[in-house]
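Welcome! Here is a short tour of a protein chain, topic by topic. Keep the structure open beside you as you read.

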Amino acid sequence: MQEKGTISIHTENIFPIIKKFLYSDHEIFLRELVSNAVDASQKIKRLSSLGQYKGELGNLQVEVSFDEKKKTLTVSDRGLGMTADEIKKYINQIAFSGATEFVEKFKDAKDANELIGKFGLGFYSAFMVADKVEIQTLSYQEGAEPARWICDGSTEFEITTGNRKDRGTEIILHINKDSKEFLNKNKLQEILDKYCRFLPISIKFGTKTESEPDGEDAEGKPKYKSVEVDNIINNTNPIWAKAPADLKDEDYLAFYKELYPFSEDPLFWIHLNVDYPFNLTGVLYFPKIKNDFELKPNKIKLFSRQVFITDEVKDIVPEFLMLLHGVIDSPDIPLNVSRSFLQADSNVKKINTYITKKVADKLAELFKKDRKVFEEKWQDIGLFVKYGMISEEKFYDKAKDFALLSNTKNEYFTLDQYKEKIKPLQTDKDSTLVYLYTTDAAKQDTYIQSANNKVYDVLVMNSPIDNHFISQLEQKLEKTALKRVDSDVIDKLIQKNDTPKHALTEEQSTKVKAVFEKAINKPNMNVEIESLNPDELPVHVTMDEFMRRTKDMSQMGGGMSFYGMMPENYKVAVNGNHPLINRILQAENEEEQGQLAKQAFDLALLSQGMLTGSDLTEFVKRSVQLI
Ligand code: ADP
């Protein structure tokens with residue numbers, strides 16, 4: 001048998017196009033060839049189980065090998081093989097919807113995945129790295145003749161009788177001179193590890209040495225010998241392909257270690273398993289995040305029928321879950337991973353919604369099952385939950401029942417519980433519920449104590465996302481305001497009808513104000529006389545909630561915005577009821593008045609860690625003189 005022909009595509013120049021435009025991602029040719037081999041092996045298995053193939057299945061292992069001297073790379077399988085007619089049908093008639101469409105598309109294609117996925121060019125990706133590709137194959141069908149196909153990258157091909165004696169296919173690539181890296185063992189191993197690590201049929205790549213028991217020596221001790229065994233590069237049955245009911249915690253943890261050898265154990269995981277209206281399996285892990293450096297997205301790996309596709313899962317996984325680890329496998333996600341295409345894909349949207357719902361359900365379940373454990377993990381989980389509540393309405397609606405607030409006493413409350421807890425005392429005169437919070441309990445201790453003196457509760461809001469979470473809560477909760485505990489004096493933070501007046505006359509107030517303004521002598525420090533408990537400090541320095549938030553937000557955005565350049569304005573709240581104020585009024589001269597005021601002001605700054613540099617040195621000197 002000998003036949004020559006022309007590959008039926010409508011453009012003459014298909015191979016140059018493939019070579020040129022699939023340039024960025026050459027290595028994926030190996031993924032394509034090995035997946036084809038795996039498919040062929042699975043097909044013969046199925047035919048056998050259906051009784052349509054009566055012969056021996058034998059060892060279905062796929063083998064990848066290379067020969068540096070001959071410059072060949074071979075992928076061989078014991079799958080169903082092809083007849084010459086099938087080669088003509090499947091290989092020669094490239095499954096294009098049309099050459100025009102192809103030429104249209106390749107202009108914008110950014111990577112090989114995009115083209116290969118869309119046009120079924122898997123096999124032809126071999127021409128990215130090979131001058132010549134040869135197929136030796138024997139079909140499983142009774143009486144089939146071995147066939148050989150060879151093509152040098154032009155549109156001319158040749159089919160002859162082949163030399164294969166047993167069922168299956170061998171794809172032999174004559175690697176071109178620009179692609180020698182694909183004749184390197186380490187390089188090939190790396191590519192196989194990346195794409196083929198979880199393929200469902202064993203993949204052999206070379207051999208490795210193992211030691212094997214070899215009887216006993218003269219003294220009766222066991223002997224060992226080195227033997228060459230097949231180097232199988234993949235785990236054919238990863239846990240996401242198994243039924244959740246068949247798996248134990250150890251299995252999930254072991255798999256996590258397999259994927260991320262250097263990571264700490266995850267907090268918990270979610271096994272995804274749907275078959276309608278789309279197919280999706282996977283395991284998502286909530287990692288333990290020790291520090292900000294570990295906040296790396298793109299840890300989730302995307303597979304399609306156990307073939308690795310990418311670790312860029314944007315759009316498939318909701319943004320707030322991008323920090324999760326694990327795997328997702330779906331044959332319904334287009335292999336083409338270009339952004340715009342994915343966003344438009346309706347399956348991708350459904351998958352995204354499904355994952356959001358599953359994660360919310362799992363968290364709700366953990367919360368219900370063991371609240372104590374949930375609270376212990378909240379530090380780590382909270383970040384995801386808050387991010388989700390801010391970015392997705394649907395997630396907020398579910399999470400509002402298990403999201404937790406924690407206070408300075410390390411107690412945890414749900415949103416509803418907290419509201420009930422503080423309602424009696426922390427409702428102001430306009431019926432607004434005021435949540436007090438601290439971003440740094442150590443630094444803001446003076447203010448926390450002022451709040452505690454009033455039996456007010458103070459929440460801890462110190463995670464990087466809390467700024468946004470606070471705004472979100474204010475939007476969602478009715479008649480509720482969140483105020484940092486040092487944003488005003490306590491009676492002003494939660495204003496009641498019976499707010500007391502301070503003991504000073506108007507004249508005295510004006511006097512005291514003038515003394516402090518002169519002593520402080522800074523334009524951004526606005527002195528006000530307030531009525532506080534005589535036990536409170538004589539001076540508090542506060543920054544308005546709104547102003548501080550605007551500044552914080554602009555800082556997070558980076559760069560020099562208008563707000564970022566705003567001077568930091570503070571209020572210097574002088575406690576009109578404090579005995580020191582009387583002392584100031586009765587002081588002998590202006591100098592003594594000024595010293596007392598300055599000292600009281602510096603103490604306020606000191607209590608907030610705001611006294612630094614030369615101001616601090618001066619304060620220490622002055623204090624030494626005073627004692
Ligand atoms: P796809 O795999 O997307 O269909 P390919 O270009 O990779 O596109 O392969 C085209 C067809 O060639 C396959 O669908 C299959 O029928 C056949 N084929 C490729 N490789 C093998 C193989 N190793 N054994 C049997 N058939 C194969």
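Is Arg148 buried, partly exposed or exposed? With a relative accessibility of 22%, Arg148 counts as partly exposed, since the buried class ends at under 20%. Please keep in mind that this is a predicted model.

**Arg148 and its partner**

- Arg148 meets Glu134 in a salt bridge between their side chains, at 3.2 Å from N to O.
- This pair links distant parts of the chain, with Glu134 in strand S4 (residues 130–138) and Arg148 in strand S5 (residues 147–151), 14 residues apart.
- Glu134 has a relative accessibility of 12% and therefore counts as buried, because buried means under 20%.

**Other salt bridges**

- As a general idea, side chains of opposite charge can pair when their charged atoms come close.
- In this model, the count comes to 34 salt bridges.
- One of them joins the side chains of Lys423 and Glu420, at 3.7 Å from N to O.
- Lys423 is partly exposed at 39% relative accessibility, and Glu420 is partly exposed at 48%.
- Another salt bridge is formed by Glu528 and Lys571, whose closest N and O atoms are 4.0 Å apart.
- This pair, too, links distant parts of the chain: Glu528 sits in strand S20 (residues 525–530) and Lys571 in strand S22 (residues 570–575), 43 residues apart.
- Glu528 is partly exposed, with a relative accessible area of 35%, whereas Lys571 counts as buried at 13% relative accessibility.
- Glu528 and Lys571 also belong to a network of salt bridges that links them with Asp488, Lys492 and Glu530.

**The nonpolar cores**

- The largest nonpolar core has 60 residues, and Leu30, Val34, Trp149 and Leu173 have the most contacts inside this core.
- Helix H2 (residues 28–49) gives the most to this core, with 7 residues.
- Why does this core lie between domain 1 and domain 2? Domain 1 (2–205) and domain 2 (239–376) both give residues to the core, so it lies between them.
- Another core, of 59 residues, lies apart from that one, and its members include Leu323, Ile333, Met389 and Phe402.
- Leu30 touches Val64, Leu73, Val75, Leu188, Ile191 and Leu192, leaving out residues up to four places away in sequence.

**A buried serine**

- Ser450 is found in helix H13 (residues 445–453).
- The relative accessible area of Ser450 is 5%, so Ser450 is buried.
- Which residues does Ser450 contact, leaving aside its neighbours within four places in sequence? Ser450 is in contact with Ile490, Glu536 and His540.

**An open sheet**

- An open sheet is formed by 5 strands in the order S10-S11-S14-S12-S13, with mixed pairing.
- Strand S10 (268–274) and strand S13 (307–310) stand at the edges and have a single partner strand each, so one side of each is left without a neighbour in the sheet.
- Neighbouring strands of this sheet are turned by 20° against each other on average, with direction ignored.
- Strand S12 (residues 300–304) pairs with S13 in the antiparallel sense over 3 bridges.
- Within this part of the sheet, Ser304 has Val307 in S13 as its bridge partner.

Note on methods:
Residues are numbered from 1 along each chain as its sequence is written. This is a predicted model: local features need pLDDT of at least 70, side-chain atom pairs count only at pLDDT 80 or more; totals for chains, interfaces and linings use all residues. Side-chain values use heavy atoms; hydrogens and water are left out. A nonpolar core is a set of buried Ala, Val, Leu, Ile, Met, Phe, Trp, Tyr and Cys residues joined through side-chain atoms within 4.5 Å. Buried means under 20% relative accessible area, exposed over 50%, partly exposed in between (1.4 Å probe, protein chains only). Helices (H or I, at least four residues) and strands (E, at least two) are DSSP runs, numbered from the N terminus. Domain bounds come from an automatic or database domain assignment. Contact means heavy atoms within 4.5 Å. Two strands pair if DSSP finds at least two bridges between them. Axes are lines fitted to C-alpha atoms, for helices over the stretch in contact, and angles run from 0 to 180 degrees between N-to-C directions.
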